[in-house]
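Hello,

Here is the structure for you to look through. Please open it first, then read my notes below.

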Amino acid sequence: MIKKINIVITVKKKTNNLKNLLISISNQTVLPFEVIISTCEKFSLKKMNFDLKIIKSPIQNQVYQRQLAIKNFKKKNNILLQLDERCVLDKNAIKYLQIKWSESKNTYYGIGLNAHNNLDRGVLDKITNFLNLKGKILKVGINTGYQNIQKDIEVDWLSGGSSSWKIDKNFLNSKKNLFLKNDWSVGEDIIQSLNKPKGKKIIVCYKAKATFTERSTKQLNQINFFERGKSSIIFRKELSKLQNCNFFIFYLFNLPLILTSLLYNLIFFNSKKLK
């Protein structure tokens, strides 16, 4: 049976990135069943060649906005594809994703897009390939990426803004205890992936390709890196506890990441945020 795709896109407001994403959806060889944009600021768009709906969210948070969109789907038992506005789909992305889900025989919990940002990671890719570390969740609270894959691979987690899921009780229950106070729920995709039922698999589909556009300096200045960095540290610590990681080992691995995050925050710090 062919699985149909519902798409959720969460945004703060209308942007050029969103426009590019919608164009890539309209150019698909197989169109989605429906698309919902969950936005904090109201706007309108011209009619597209697919079923498109825009809903206004009272809260800026990707998890809350997605949940709101799911409630507004016409057909809730389709496959859910979560997309970040910076994502641009290859013309056959939905086609291959749909095929992979239809062939799954109920063995998959989630299927990710083969999304990348055109960065050549060189030696790092060779190391992660050699050690089979792509898409892993490590006990020290670190998750590794899965860019530049050459075939379908089984992974421990999927990036929230380029992943598809079967909407069922397991999926909905994974959202209940997520921290929604900040405008961004750090690690929500990790938590969702860890809720994988026994016997199910999470994979990345090589043929379902997409590209992530880099954020501009203006977009970076609008992000509160200090709050996200602090939330990330707290999340990694809690994740390491779930993985039964030793306290000393956790800080040994994460201290360099914490220092790098602080340096990154200083580089992109915008004093106007304090006014």
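Helices here are DSSP runs of type H or I with at least four residues, numbered from the N terminus. By that rule, Ser-26 belongs to helix α1, which covers residues 16-26.

Please note that this is a predicted model. The chain has a mean pLDDT of 82, and 70% of its residues score at least 70. Residues 271-275 have a pLDDT below 50. That stretch still has six contacts in the model beyond near neighbours in sequence.

Back to Ser-26. Is Ser-26 buried or exposed? Ser-26 has a relative accessible area of 19%, so it counts as buried, the cut-off being under 20%. Leaving out residues up to four places away in sequence, Ser-26 touches Leu-31, Met-48, Asn-49 and Phe-50.

Next, Lys-75. Lys-75 sits in the loop between α2 (62-71) and β4 (79-84). Lys-75 is partly exposed, at 33% relative accessible area. Which residues does Lys-75 contact, apart from neighbours within four places in sequence? They are Asn-6, Phe-33 and Glu-34. Asn-6 is 69 residues from Lys-75 along the chain, yet their C-alpha atoms are separated by 8.3 Å.

Last, the surface. Ile-249, Leu-252 and Phe-253 make up a nonpolar patch there. Together they have about 280 Å² of accessible area. Ile-249 is part of helix α9 (residues 247-267). Ile-249 is partly exposed, with a relative accessible area of 35%.

Best wishes

Technical notes: Residues numbered from 1 in each chain as written. Predicted model: local features only at pLDDT ≥ 70, side-chain atom pairs only at ≥ 80, totals over all residues. Heavy atoms only, no water. Patch = residues over 30% accessible without salt bridge, like charges linked within 9 Å, V, L, I, M, F, W, Y side chains within 5 Å. Areas by Shrake-Rupley, 256 points an atom, 1.4 Å probe, with all protein chains shown as cover. Salt bridge = Lys/Arg side-chain N within 4 Å of Asp/Glu carboxyl O. Helix = DSSP H or I, 4+ residues; strand = E, 2+ residues; numbered from the N terminus. Buried < 20%, exposed > 50% of the residue type's maximum accessible area, 1.4 Å probe, protein only. pLDDT = per-residue confidence, 0-100. Contact = heavy atoms within 4.5 Å.
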